[in-house]
Amino acid sequence: QATDESKDLQKQLESEKAQNAVLVRKRDLLIAEGKTLTNQNKDLEEKLVTAEADKARLEKEADDLKAEHAKADSTLVELRQKILTLEGDLKSAEAESVAASVRLDKLR
């Protein structure tokens with residue numbers, strides 16, 4: 001009977017060793033998966049930092065372009081005003097020229 005009990009205990013020990021080996025493999029796989037996920041997380045965090053820096057740079061560029069656009073619009077308005085002033089000056093000069101011609105004709 002002791003031998004049967006010994007054989008049963010031996011079988012139970014072997015079964016527990018096999019189960020333990022399976023659990024060790026599962027643990028090792030989970031550790032490896034955890035390391036992989038940790039590395040992926042680090043990569044994603046780096047990409048996020050890069051994306052946020054790119055976003056900030058692009059927002060600054062957009063603000064700079066908006067400022068340049070506003071300045072160009074302002075310059076355009078100034079130039080249009082100068083053109084109108086010059087056109088007015090030209091009409092005045094033409095009128096003065098006509099008036100001078102008339103006075104000259106009268107003097108002749």
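1. A residue is called buried under 20% relative accessible area, exposed over 50% and partly exposed in between, with a 1.4 Å probe and protein chains only. By that rule Lys 55 is exposed, at 52% relative accessibility. Buried residues make up 0% of the 108 residues in the chain.

2. On the basis of the note: this is a predicted model, in which local features need pLDDT of at least 70 and side-chain atom pairs count only at pLDDT 80 or more, while totals for chains, interfaces and linings use all residues. Residues are numbered from 1 along each chain as its sequence is written, and side-chain values use heavy atoms, with hydrogens and water left out.

3. Helix α1 covers residues 2-107.

4. The overall dimensions go with that description. Along the principal axes, the C-alpha atoms fill a box of roughly 155 × 15 × 10 Å. The radius of gyration is 46 Å, whereas a compact globule of 108 residues would have one near 13 Å. This radius is taken over C-alpha atoms, and the globule rule is 2.2 Å times the number of residues to the power 0.38.

5. Two C-alpha separations can be checked directly in the model. Lys 82 and Ser 92 are ten residues apart along the chain, and their C-alpha atoms are separated by 15 Å. For Leu 79 and Ala 99, 20 residues apart along the chain, the separation is 30 Å. Lys 82 lies in helix α1 and is exposed at 53% relative accessibility. Leu 79 also has its place in helix α1, but counts as partly exposed at 44%.

6. The chain exposes about 10,000 Å², of which carbon and sulfur atoms supply 58%. Accessible areas come from the Shrake-Rupley method with a 1.4 Å probe; for residues, only the protein chains shown count as cover.

7. The chain carries 20 positive and 24 negative charges, and their mean positions are 3 Å apart. Lys and Arg count as positive and Asp and Glu as negative, with His and the chain ends not counted. Each charge is placed at NZ of Lys, CZ of Arg, CG of Asp or CD of Glu.

8. The structure holds six salt bridges, a salt bridge being a side-chain nitrogen of Lys or Arg within 4 Å of a carboxyl oxygen of Asp or Glu. One of them joins the side chains of Arg 27 and Asp 28, at 2.9 Å from N to O. Arg 27 is partly exposed, with a relative accessible area of 45%, and Asp 28 is partly exposed at 37%.

9. A further salt bridge links Arg 57 to Asp 54, with the closest N and O atoms 3.8 Å apart. Both residues lie in helix α1, three residues apart, or about one turn of the helix. Arg 57 is partly exposed at 42% relative accessibility, as is Asp 54 at 32%. Asp 54, Arg 57 and Glu 61 are linked in a network of salt bridges.

10. Lys 55, the exposed residue of the opening point, forms a salt bridge with Glu 59, and the closest N and O atoms are 4.0 Å apart. Glu 59 and Lys 55 are four residues apart in helix α1, so about one helical turn separates them. Glu 59 is partly exposed, with a relative accessible area of 44%.

Methods:
Helix = DSSP H or I, 4+ residues; strand = E, 2+ residues; numbered from the N terminus.
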